[in-house]
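Subject: Two-chain model, handed over

Hello,

Here is the structure for you to look through. My notes follow below.

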Amino acid sequence: MPNAAVGFRDRRAGIESAAGNAADFQPRWTDLNGAWSGSGSSDSRFPIPYFRIPYFPIPYFRRRVQRLRSPSPVTHTSIRPHTLRIEPTRGWVALRLGEVVAYRELLYFLVWRDLKVRYKQTILGVAWAVLQPLLTMLVFALFFGRLARVPSDGVPYPLFAYTALVPWTFFATGLTLASNSLVGSANLITKVYFPRLTIPLATVLAGLVDFALAFPVLFGLMWWNGVAPTAQVVWLPVFIALAFATALGVGLWLSALNVEFRDVRHVVPFLTQLWMFATPIAYPSSLLPEKWRTLYALNPMVGVVEGFRWALLGTATRPGPMIVVSGAAALALLIGGAFFFRRMERTFADVV
Amino acid sequence: MSSDVAFPGEASLAPTPHEAPRVIRVSHLGKQYQLGARARYRTLREALVDSAKGIARSIGRGRTRRSVERFWALDDVSFDVAQGDVVGIVGRNGSGKSTLLKILSRIVEPTRGTVDLEGRVGSLLEVGTGFHPDLTGRENVFLSGAILGMRRTEIEKKFDEIVEFAEVERFIDTQVKHYSSGMYMRLAFSVAAHLEPDVLVVDEVLAVGDAAFQKKCLGKMGTVARHGRTVLFVSHNMGAVVSLCSRALLLQSGRLVLESDPITVAARYQATLTAAPTSTTDLAGAEHYGSGKARFVSLRFVPERRDGSTREMMCPGSRLRVETRIVCSAPIDSANVGITVYDASGYRLVDANTAMQGRFVSMKPGDEARVDFALDDVRLKPGTYLVGLWMGRSNVEDIDGILYAATLEVEPDPHQLQHSEQFPGSYLCAFKHSVVISTPAGDVAPPGVRDEPGQRSAAGVSR
């Protein structure tokens, strides 16, 4: 069988334009631009860099291991359990996350499709993933930093704002796209079965790729401003996970609601705008009196943004209790969202 | 199990090997829908108002009971499917076929009852599920395959086969939005056709592409069926059902009314179709041309058997009585009355008129006349035909004419279905013929082989 990876290696092109100055960080996302250079090697039928993607190496290896362990044909030829009972369900039902894992290839393809389609017929391609937070940062730096002289915890304001804008952009786009994801996939939902959770999940995961592109620019900006990351940077994955959980949690709630109530479509832009002001992006949370901060951190994005600043820039604000509160809030959102989603799921195909 | 209970007499007809394990067990399945706008999207405001009303009602003891009309799209359906069965599901539009398939493929939840499924179920409810116009053919094969439940390695293995079957090799790296609709359909079907689940649920996807591709699709379905896979197959094409399926179910307004062999079910299904052939068409509102001295007022088709008894549907080779009624408003003298049969695209096929028989119609104002044509051995292929009426004197005047007065449905004969392959063309024909064979040994004519001149051959009839 031809090796899919070989074909892809030849197609590396144009990443510089996509990732800007982040040359040291080389995700091979060339095909996202929709412009594969050259013919590619013709021996590969598979158009997608399945296990070449730095962000998704795990499923492939996992499957290999699994296959070695279990020679039973059932595990790898059938996606669902051998005997299945279909019956009416009521009220709250189990999440059945195992099924989502079983459908991980589909999840992967949906993420890939989202990315591919999003930057199709665009001139700048994936550069948009970097430009959005970057341009917002410039506007903020001009109006809040220069003109309004908003304090920034002793960090240069552009860096201060961008550090918050990178996770925020991930959150806001993930939320917006996820809330429309089910309605947008109505043609799939009414025609084929798969765990519906994969749809919003894929959308938010696709946002993670954009995030990974915008993130190296942050390091560039730190280097430019002469800020070295502290040892606390090891905590960064925790804050990324927190942002992901928040985006997915809210996305699950809104996407499920959107199926039945199309009002959600009108609420979402408004919601993200309000949420942005409720999050310390243009201003530091140290502006708030100490006693209110814990309450403030019920907004999980507060924890995310403060966490990012603390881990990367070493700002003075000790986010400890805020992180705990934010983490709890995000977890509640996510778990509640997942169960709510599963509860609403049974009528999706009838209503959407 | 349930099949035996429901139709004890017919169960023995079903060729199901009863030793084969049951892979689908449907028991008392029901799906209820709400009618009207309520069932569609609600806005938040409506939901709030409704719940407020609900609270008010619970306090005020059911003052304003909102009457939501509900209906059972599927009602108490039970049947079993054994491994390797190819089951046709037949019924008119709205009889619950699609609902049943949607429940079996887990897209919607039943309101009542249970289904037990063994093995992996693949459903093809639509051609091109998951196709994205902006992606290339190659990319769509992978995406659609994944959505239909195929593994990536599985798709890679079958990729060449899929592309070859679809006949789109040259365009595989072109975005599918630039495809012709035929190419798109072929590729989409091809992906679906290479799905290899234990149980395949198919909804009328065969109606894609040109005649040649349709034939290929049917062939593919046949191969799938012969390979011992379990298939549930919804179709309106009785020919396909009879030739592919080992058993068939007939649904009528959500209920399972017959479970038997495909021929019996196809015959019953056709009998439930519109009783249109024997109904009378009122021609008052039709578009008439001609002088209008007399008018056709109604037209009625009565299909008959060879022995002259009325039958409920028109089949190739039956007799057809066409009854017309004419009302006269000004004197007409020795007019010719005729009918013309056109195919569905308006192409003229056959004429019959009174002048051919040397008969003419004369009427005085106020007279009412009936002109009946008895057409013997009507060799029209199954399909829809248009019938036009005309009355006048050739090359002198048109008294009354209606280009397309009524449609005539010709159904396939259920007893010939198992052999019927749909040949293109417009009608079946029979020729009077005789045969002369010249060989060095001379003309050898064993008794009974050569037709007497003037006698219809029986050989050409079925095709």
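In which sense do strand 6 and strand 7 of chain B pair, and over how many bridges? Strand 6 of chain B and strand 7 (residues 230-234) of chain B run in the parallel sense, with 5 bridges. Two strands count as paired if DSSP finds at least two bridges between them.

First, the ground rules. This is a predicted model, where local features need pLDDT of at least 70, side-chain atom pairs count only at pLDDT 80 or more, and totals for chains, interfaces and linings use all residues. Residues are numbered from 1 along each chain as its sequence is written, while chains are lettered from A and ligands numbered from 1 in the order in which they are written.

**Chain B**

Chain B has 10 helices and 19 strands. Helices (H or I, at least four residues) and strands (E, at least two) are DSSP runs, numbered from the N terminus. Of its 463 residues, 40% are buried. Buried takes 20 or more other C-beta atoms within 10 Å of a residue's own; exposed takes 12 or fewer, partly exposed lies in between, and C-beta atoms are placed from the backbone.

Back to strand 6 (residues 199-203) of chain B. In this strand, 5 of 5 residues are buried. B:Val199, B:Val201 and B:Asp203 lie on one side, with B:Leu200 and B:Val202 on the other.

**Chain A**

Chain A has 16 helices and 1 strand. Of its 352 residues, 47% count as buried. Take contacts between residues at least 6 apart in sequence: 78% of those in chain A join residues at least 24 apart. A contact means that the C-beta atoms of two residues, placed from the backbone, lie within 7 Å.

Helix 12 (residues 263-277) of chain A has 15 residues. From first C-alpha to last it reaches 22 Å, close to the 21 Å expected at 1.5 Å a residue. That expected span is 1.5 Å times one less than the number of residues. Helix 12 of chain A has a kink of about 25 degrees, centred on A:Pro269. The bend at a residue is the angle between axes fitted to the seven residues ending there and the seven starting there.

**Confidence in chain A**

Mean pLDDT (the predictor's confidence in each residue, from 0 to 100) is 78 for chain A, and 76% of its residues reach 70 or more. Within chain A, helix 11 (residues 236-260) is highest at 94, and helix 4 (residues 73-77) is lowest at a mean of 35. Residues 1-43 of chain A stay under 50. Residues 49-81 of chain A are also below 50.

**Where the chains meet**

Chain B gives 41 residues to the contact and chain A gives 38. On the side of chain B, elements that give two or more residues include helix 3 (44-60) and strand 4 (112-118). Strand 1 (residues 83-86) of chain A pairs with strand 4 of chain B in the antiparallel sense, over 4 bridges. A:Arg85 stands opposite B:Asp116 there.

Best wishes
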